[in-house]
Amino acid sequence: MENYKLFFDNWFFSLDLAQTLSDQGILTLATVRANRLKGCALESDSKLKARGRGSYDWRVETQSNAIVVKWYDNKPVHLISTYAALDPEDTCRRWDGKRKEYADVKRPYCVKEYNRFMGGVDLADMLLELYRIDFKSRSKWYMRIFFFLFELSVVNGWLLYRRCLAAGQKPMNLLQFKTDVARALLSGASLATPKRGRPLKDADTNSQKKTNYTCRPPDSTRLDGQGHFPAWIESKQRCRVCVKAHSEVKCVKCEVSLCFTPNRNCFLTYHTM
């Protein structure tokens, strides 16, 4: 994975991460929080503000050849890069609230490069915030990282799915995609968890009264054309297609009851439409 360029926001990035990735031949450019630059003495906010908008200060870390830049726009912004430095400088247009007009502001090359490619980072952050997994984990801090990586994998999978769609095919939205992923994962897992302690006397009678609900399989499973075989069941159940009719046949993969008679072939309809 050498010679790749990765862009980060300031949530996870640090100088140590830049050095580690640089040792592996991976180039980086990211914003970073000021409290993660301990030992890197840069000009204060007041001095940069006095020099005017677009002023900056910089330092170079010799071990990884990473440059740390503090650029003052409306407020100070810290950046770390292992491939983009100060030159060539250019200007960008910013709104001046005092003059009520646009003004040209000087910026280093690393700022221009970050603004050019930061859209992917911002898009990922926006998509992650739409349907966050709600959980509380005060003691187990690593669970927050696990769920973040899991949600990021699902979002990236949805973006790849949209990219690979045929021309004219309507894509499913992110919520439907995440729902189908959840159903596909649950279809291969047992939801029954053993209870700790001594079982109650009426535990067996209560468990017999409960009925198992089968989730609707995702369309990716229902229409894949693999392993959908009919099987007889002891008691009739409501057909998933007809709704009003009852059938003694179910699909062994989808776990749903379907009519399979000379007059109706709901089994074929369910797996093809």
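D73 counts as buried because its relative accessibility is 12%; buried means under 20% relative accessible area, exposed over 50% and partly exposed in between, with a 1.4 Å probe and protein chains only. This is a predicted model, in which local features need pLDDT of at least 70, side-chain atom pairs count only at pLDDT 80 or more, and totals for chains, interfaces and linings use all residues. Residues are numbered from 1 along each chain as its sequence is written, and side-chain values use heavy atoms, with hydrogens and water left out.

You will find D73 in the loop between β4 (66-72) and β5 (76-81). Strands (E, at least two residues) and helices (H or I, at least four) are DSSP runs numbered from the N terminus.

## Who touches D73

Beyond its neighbours within four places in sequence, D73 is in contact (heavy atoms within 4.5 Å) with R53 and R94.

## The sheet around the loop

Among the residues involved, K70 has H78 in β5 as its bridge partner.

Stepping back, 5 strands form an open sheet of mixed pairing, in the order β1-β2-β5-β4-β3; two strands pair if DSSP finds at least two bridges between them. At the edges lie β1 (5-8) and β3 (56-61), each pairing on one side only.
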